[in-house]
Amino acid sequence: MNKIYRIRCLEDDKTFSFNAETPYEALSKMMYTLNLKGFDKNCKINKTTSGRILYIEHKNKTYAIVNK
């Protein structure tokens with residue numbers, strides 16, 4: 001069942017919404033969208049030690065989502 005997930009840019013506090021089944025899928029869609037604007041080959045999905053936050057770093061900006 002899909003729902004709306006919000007991803008936040010930590011540098012400028014902008015939020016982005018994606019319709020997805022999981023936070024991981026939403027962040028994957030965010031990464032795809034960012035790479036359409038400018039490809040960053042080092043961009044990959046990371047998680048904090050606890051696994052509670054998923055994030056990507058793309059062109060010196062960090063985008064994060066709560067993994068629940």
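Trainee: Is Tyr63 buried or exposed?

Mentor: This is a predicted model, so read each value as computed from it. Tyr63 counts as buried because its relative accessibility is 7%, under the 20% cut-off.

Trainee: How many aromatic pairs does a search of the whole structure find?

Mentor: One. A pair of aromatic rings is described by the distance of the centres and the angle of the planes. Here Phe16 and Tyr63 make the pair. Their centres lie 5.9 Å apart, with 65° between the planes. That is edge-to-face.

Trainee: Which parts of the chain does the pair link?

Mentor: Distant ones. Phe16 belongs to strand S2, residues 15-20, and Tyr63 to strand S5, residues 61-66. The two residues are 47 apart. Phe16 counts as partly exposed, at 28% relative accessibility.

Trainee: Where is His58, and what is it in contact with?

Mentor: His58 sits in strand S4, residues 53-58. Neighbours within four places in sequence aside, His58 contacts Leu34, Asn35, Gly38, Asp40, Cys43 and Tyr63. With a relative accessibility of 5%, His58 counts as buried.

Trainee: What does Asn2 touch?

Mentor: Setting aside residues up to four places away in sequence, Asn2 touches Asn19, Ala20 and Glu21. Asn2 lies in the segment before strand S1. A polar atom of the Asn2 side chain lies 3.5 Å from the backbone nitrogen of Glu21. Asn2 counts as partly exposed, at 41% relative accessibility.

Definitions and conventions: Residues are numbered from 1 along each chain as its sequence is written. This is a predicted model: local features need pLDDT of at least 70, side-chain atom pairs count only at pLDDT 80 or more; totals for chains, interfaces and linings use all residues. Side-chain values use heavy atoms; hydrogens and water are left out. Rings of Phe, Tyr and Trp (its six-membered ring) pair if their centres lie within 6.5 Å; planes under 30 degrees apart count as stacked, over 60 as edge-to-face and the rest as tilted. Helices (H or I, at least four residues) and strands (E, at least two) are DSSP runs, numbered from the N terminus. Buried means under 20% relative accessible area, exposed over 50%, partly exposed in between (1.4 Å probe, protein chains only). Contact means heavy atoms within 4.5 Å. A polar contact is a pair of N or O atoms within 3.5 Å; within protein, one must be able to donate a hydrogen and the other to accept it, and residues adjacent in sequence count only if both atoms are side-chain atoms.
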